[in-house]
Amino acid sequence: MQEPKITEDLISAHGLKPDEYDLLLEIIGREPTFTELGIFSAMWNEHCSYKSSKKWLRTLPTEGPQVICGPGENAGIVDIGDGQAVVFKMESHNHPSYIEPYQGAATGVGGILRDVFTMGARPIAAMNSLSFGEIDHPKTKQLVNGVVEGIGGYGNCFGVPNVGGEVRFHPAYNGNCLVNAFAAGLADTDKIFYSAASGVGMPVVYLGAKTGRDGVGGATMASAEFDDTIEDKRPTVQVGDPFTEKRLMEATLELMQTGAVISIQDMGAAGLTCSAVEMGDKGGLGVKLNLEDVPQREDNMTAYEMMLSESQERMLMVLKPEKEAEARAVFEKWDLDFAIVGETLAEDRFLIMHNGEVKADLPLSPLSGRAPEYDRPWVETPAVEPLSDVPEIDAIDGLKALIGSPNYAARQWVYEQYDHMVMADTVRAPGLGAGIVRVHGTDKAIAFTSDVTPRYVMANPFEGGKQAVAEAYRNLTAVGAKPLATTDNLNFGNPEKPEIMGQLVGAIKGIGEAVAALDVPIVSGNVSLYNETDGQGILPTPTIGAVGLLDSLDDMIDGVARDGHVAMVIGETTGHLGQSALLAEVFNREDGDAPQVDLAAEKKHGDFIRANRELIKACSDLSDGGLAIAAFEMAEAGGVGVSLDTADTPTLFGEDQARYLVACNFDQAEALMIEAGKLGIPIASVGRFTGDTVKMGGSEAPLDELAQIFRTGFDQAHR
Amino acid sequence: MKAGVIVFPGSNCDRDLAVAFERAGAQVSMIWHKETELPDDLDIVGIPGGFSFGDYLRCGAIAAQSPITRSLIRHTERGGYAMGICNGFQVLTETGILPGALMRNANLKFICKPIELKVENTDCAFLSGYSQGQEITVPIAHHDGNYNVTDEKLAQLRDEGRIAFTYCDNPNGSTGDIAGVISKNRRVLGMMPHPERCVDDRHGGTDGVAMFRSLVDSVVAA
């Protein structure tokens with residue numbers, strides 16, 4: 001088939017800027033073929049090359065004694081002792097999910113699971129951080145229904161428990177929803193697999209599902225802004241097949257046991273192109289592919305289509321040649337395709353053959369090594385105006401408004417559509433705070449959380465970045481876990497706008513400072529830029545996924561508040577209402593600065609909770625909605641009322657950081673106060689759990705009535 | 001007591017079921033679906049939850065045609081014990097070993113949560129550890145758990161005391177609130193809820209323990 005001529009329009013349709021095309025010409029010294037242009041476009045788009053963010057990502061702390069593998073591989077790896085490691089990453093699937101919510105979200109889950117099992121880990125937990133537009137926006141309900149169903153449809157069939165996540169609504173996401181999928185797996189530290197190829201003339205093997213035309217150009221699509229032609233982009237969304245993914249996982253893990261695998265890489269964004277280049281580049285080798293040997297689902301596919309297809313559930317592997325028969329038998333057992341499609345080359349060359357014709361012949365290492373990298377102009381986000389007066393509000397009215405809002409109401413409608421118990425090791429189900437999964441066959445467990453408060457990041461990217469990490473740290477601490485490491489999923493608008501770039505830079509600086517202070521290095525991550533529609537950007541949303549360890553399940557803080565328990569706040573309360581949930585939900589205001597995060601206090605208070613967990617029955621971090629929401633949620637979970645001493649608005653609804661709410665009996669409360677006093681940690685008794693009402697100063701309502709509001713507040717988000 | 005757990009390519013509760021059998025004292029072997037014969041010394045065959053062949057069209061329909069399933073049918077015809085949980089129940093109805101059909105949940109959504117069950121009958125090896133009318137809490141996790149039988153068949157199941165469990169608050173639209181049924185010879189149980197997910201203090205409930213224990217005890221005694 002005749003390939004199209006290279007024209008200016010064609011180059012621009014591939015998302016390559018004129019200077020980028022000039023760089024391409026300089027590298028290859030001639031005009032590219034159509035297939036070659038496609039390969040460059042796939043490798044050099046924002047999604048694959050991180051060209052706008054790389055400079056800043058390099059500043060993030062990624063090391064520590066617990067880290068086995070930091071960013072750059074399919075997922076990050078952290079040691080949990082006893083020869084085992086937890087392998088995890090978070091990745092966005094924003095653009096596809098907006099265009100086709102069910103499949104977009106489903107394949108987002110599929111992609112992140114593949115990243116995890118590609119490294120030799122069996123997935124044990126998933127989470128999702130979701131951001132949607134305002135409730136009344138005509139598209140929101142369809143997106144909520146489709147995304148939640150897609151996540152469930154994929155994860156439930158695959159068989160991984162979904163143990164946590166976030167769901168938020170804000171008009172800034174009206175034209176760009178965010179779907180950030182997290183997955184974690186368990187591996188033996190001596191059986192971890194990487195992507196770097198080694199050895200010349202080694203067979204390159206294609207595994208998994210067949211290649212079709214789905215998703216051609218998806219990564220390039222994900223690197224552009226949306227406008228009103230968005231419906232035309234539907235065919236770039238892939239279709240997921242979780243049953244094939246499940247078999248691919250089982251076959252891959254079984255194959256790894258045979259010792260046949262030299263290196264392995266999943267085919268995600270930019271499919272065959274990106275996976276082959278990555279394996280070659282990391283191993284300092286070239287790769288030759290014979291496309292006629294690629295298992296194909298459709299007739300007459302061109303080299304261009306095969307190289308750019310984003311068909312799901314596929315892997316590429318470099319195999320030990322003497323193990324071929326054994327490897328093939330494993331894949332035949334699971335009824336999956338296994339095809340030798342090429343070989344490694346000694347020279348720096350990416351050679352694509354199709355039916356004897358050369359379709360691309362490029363130097364391999366510049367495809368990733370010389371990808372454009374930008375030091376984009378940025379401006380510091382200006383300091384916001386100080387908060388103007390906030391009127392006092394009846395405490396119960398304020399609480400009702402918050403817990404009845406889809407942003408803070410109970411999320412059982414979401415997580416009951418996800419199998420959160422499969423594998424029978426879930427010891428703390430989703431709902432409140434971190435989810436916990438036992439390490440199978442042991443008494444150890446891993447805790448998971450994902451957090452960010454985009455309002456804060458918008459007002460103050462630096463403090464907001466810090467806060468996302470701090471909140472994740474607190475959520476792990478509140479269940480008694482020791483925070484180990486983090487993954488970041490940075491969702492921002494168009495980086496070519498200096499103010500957006502300033503948000504990205506500020507947030508990364510804040511995240512960097514926080515992960516260093518709290519010793520939770522970033523071990524993996526993903527950047528999603530151009531989240532804009534018609535020039536309107538999202539709230540900056542750097543989602544932090546965090547993982548913590550419980551050396552024993554006996555260390556877990558998982559009790560509930562009981563009648564007679566004392567309510568204690570650990571950490572200092574000043575009543576910071578700037579950018580608070582109360583302001584946004586009740587007064588429809590988003591003003592004032594984000595709360596300051598004192599990282600030394602975060603560390604100190606977290607260590608204090610862990611050191612004194614035996615004195616603590618129930619614990620919750622204080623974040624959105626402050627003490628009022630935390631006390632209500634703890635009361636509701638325990639089925640007991642709560643009486644707080646104050647009705648003061650800032651004290652109840654302020655969002656000062658580094659704080660926890662703790663429930664314990666009187667003697668334990670006394671002991672905690674003594675311990676806190678020794679360390680100079682602020683601690684205060686703020687009330688009691690008792691009766692069947694929620695009382696804040698003179699304001700009071702029956703717990704049942706509030707629980708009803710809390711349990712049904714999310715309904716308006718999907719009906 | 002020897003238990004075998006059938007593994008279809010899309011089974012994902014196979015390990016969970018094996019662990020529950022082991023905790024009750026059984027020796028467990030895993031049986032790949034491409035095998036044509038079950039080992040002949042098995043006391044019970046478990047058909048686990050999951051999505052046997054992706055189940056994109058009708059849950060359990062392809063598994064019902066699997067080589068091992070023909071052997072399972074012969075095993076039950078010989079009076080062997082079998083239990084199918086969730087997808088396993090769907091497979092048992094698809095083969096005709098148990099009556100009825102499992103359709104999409106009435107609300108068309110996947111539902112995963114602990115629910116209350118009422119024990120309707122206790123005179124079989126699976127249920128003798130419970131008392132008649134006992135209410136227990138067991139998790140469900142399914143998209144297609146809406147049990148359907150004709151009125152005639154429902155009356156027959158009731159007459160023959162073959163309803164194992166009913167839902168206290170029907171989550172999925174099942175006829176007669178049925179959550180599980182047993183075969184005429186009382187040796188095959190099919191149920192949508194997951195007893196293997198409540199056999200351990202860390203599961204937040206242990207109401208499944210009595211089922212596995214009474215099963216192992218009665219088969220050992222027999």
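Entry 1: I began with A:Phe632, which at 0% relative accessibility counts as buried (under 20% relative accessible area; exposed is over 50%, partly exposed in between, with a 1.4 Å probe and protein chains only). I note that this is a predicted model, in which local features need pLDDT of at least 70, side-chain atom pairs count only at pLDDT 80 or more, and totals for chains, interfaces and linings use all residues. Residues are numbered from 1 along each chain as its sequence is written, chains are lettered from A and ligands numbered from 1 in the order in which they are written, and side-chain values use heavy atoms, with hydrogens and water left out.

Rings of Phe, Tyr and Trp (its six-membered ring) pair if their centres lie within 6.5 Å; planes under 30 degrees apart count as stacked, over 60 as edge-to-face and the rest as tilted. A:Phe632 and A:Phe710 form an edge-to-face pair, because their planes stand at 85°, with ring centres 5.1 Å apart. This pair links distant parts of the chain, 78 residues apart: A:Phe632 belongs to helix H22 (residues 626-638) and A:Phe710 to helix H25 (residues 703-712) of chain A. Helices (H or I, at least four residues) and strands (E, at least two) are DSSP runs, numbered from the N terminus. A:Phe710 is also buried, at a relative accessible area of 4%.

I recorded a cluster as well, in which ring pairs link A:Phe132, A:Phe169, A:Trp413 and A:Phe714.

**Entry 2: charges over rings.** I looked for charges over rings (NZ of Lys or CZ of Arg within 6 Å of the ring centre and within 35 degrees of the ring normal). The charged end of A:Arg247 is placed over the ring of A:Phe243, 4.4 Å from the centre. Across the two chains, A:Lys333 lies over the face of B:Trp32, 4.8 Å from the ring centre.

**Entry 3: chain A against chain B.** I counted 34 residues of chain A in contact with 28 residues of chain B (heavy atoms within 4.5 Å). The two chains bury about 2500 Å² between them, 55% of it on carbon and sulfur atoms; this is the accessible area (1.4 Å probe) lost on being put together, summed over both parts. On the chain A side, A:Phe243, A:Glu416 and A:Met421 lose the most area to chain B, together 23% of what that side buries.

I found six salt bridges between chain A and chain B (a side-chain nitrogen of Lys or Arg within 4 Å of a carboxyl oxygen of Asp or Glu). One joins B:Arg15 to A:Asp425, at 3.1 Å from N to O. Helix H8 (140-158), helix H10 (242-257), helix H13 (324-333) and strand S14 (426-428) of chain A each give two or more residues to the side that touches chain B. H8(A) gives the most, with five residues.

**Entry 4: two single residues.** I placed B:Asn105 in the loop between strand S5 (101-103) and strand S6 (111-119) of chain B. B:Asn105 is buried, at 1% relative accessibility. Beyond its neighbours within four places in sequence, its contacts include B:Phe110, B:His142 and B:Asn172.

I placed A:Lys603 in helix H21 (residues 599-611) of chain A. A:Lys603 is partly exposed, at a relative accessible area of 29%. Its C-alpha atom is separated by 8.8 Å from that of A:Tyr473, 130 residues apart along the chain.
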